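This briefing is meant for a reader meeting the structure for the first time. Please keep the sequence and the model in view while going through the points below.

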Amino acid sequence: MPAKKLPQKTLYLLAALIAAAGAYFLWRDLHLSSIENVPIPDVVVENIELERKIDGKKWKLLSPRVEHKDNMVYGDSMDVTISDPAGKETQIYAAKGVFSRHTNDVTLRDAVGTMKEADGAYDLESGVAKYDSKSGIWYFSDGVTFKLAENNMVIRGKSGYYDSDKGVCRMTERGTITWSINTEKR
């Protein structure tokens with residue numbers, strides 16, 4: 001079957017469409033640098049274990065995947081262990097976490113952990129746990145539960161804090177305390 005010749009008007013129309021499409025793609029490619037809302041991490045690392053000395057305490061962060069961007073480390077399933085020379089140890093496991101390399105502050109989401117002192121330990125659960133490295137205080141929000149096994153006590157509330165230097169644990173809003181008494185004879 002022989003090829004048919006296209007009318008000259010159709011050829012001009014096709015040429016104009018191809019030129020317009022080419023001009024559009026060229027314009028779009030030349031303006032890619034104006035896109036500012038594309039989050040691109042500086043570095044993505046998988047299965048990372050990071051140890052640092054911060055204010056005399058040994059920090060260990062574990063995560064299956066972290067992104068480093070603008071001096072912030074964003075992690076999935078971030079585990080944090082903080083040990084100090086006095087024997088205090090804090091271990092917190094979280095679904096997500098953010099660590100500031102500039103301030104050494106940490107924010108953990110859906111946190112579960114243990115804070116061990118010489119005279120006992122606090123188990124905790126919190127929607128959000130934020131550590132302020134300047135003050136050494138952990139702030140808890142979006143629901144917090146402290147469990148003190150040696151006292152058979154559970155403290156629940158909306159928010160609270162733990163002063164790691166003083167070993168003081170407090171609720172900052174209304175909460176409940178539940179405890180049980182051991183009735184076994186000694």
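In this predicted model, Gly 75 has Gly 97 of β6 as its bridge partner. That contact belongs to the pairing of strand β3, residues 72-76, with strand β6, residues 96-100, which run in the antiparallel sense and are joined over five bridges.

**From β6 to β7**

- Strand β6 also pairs with β7, again in the antiparallel sense, and here the pairing extends over four bridges.
- Within this second pairing, Phe 99 finds its bridge partner in Val 106 of β7.
- The hairpin formed by β6 and β7 has five residues between the strands, and Asn 104 in this hairpin takes a positive phi near 65 degrees.

**The cavity**

- The structure holds one cavity of 30 Å³ or more, and the volume of the largest cavity is about 100 Å³.
- Its lining is made up of 14 residues, and those lying nearest the centre of the cavity are Lys 57, Ile 82, Lys 88, Thr 90 and Ser 164.
- By residue type, the lining of the largest cavity divides into six charged, five nonpolar and three polar residues.

**Strands that line the cavity**

- Strands β4 (79-83), β5 (89-93) and β7 (106-117) each supply at least two residues of the lining of the largest cavity.
- Of the elements that contribute, β7 gives the most, with three residues in the lining, and β7 is also the strand that pairs with β6 in the antiparallel sense.

Note on methods: Residues are numbered from 1 along each chain as its sequence is written. This is a predicted model: local features need pLDDT of at least 70, side-chain atom pairs count only at pLDDT 80 or more; totals for chains, interfaces and linings use all residues. Side-chain values use heavy atoms; hydrogens and water are left out. On a 1 Å grid over the protein atoms alone, a cavity is a set of points where a 1.4 Å probe fits but cannot get out, and a pocket is an open set with protein on both sides within 12 Å along at least five of seven lines; lining residues have an atom within 4 Å of a point. Grid points are joined across faces, edges and corners, and a volume is the space filled by probe spheres set on the points. Ala, Val, Leu, Ile, Met, Phe, Trp, Tyr, Cys and Pro count as nonpolar, Asp, Glu, Lys and Arg as charged, and the others, Gly among them, as polar. Two strands pair if DSSP finds at least two bridges between them.
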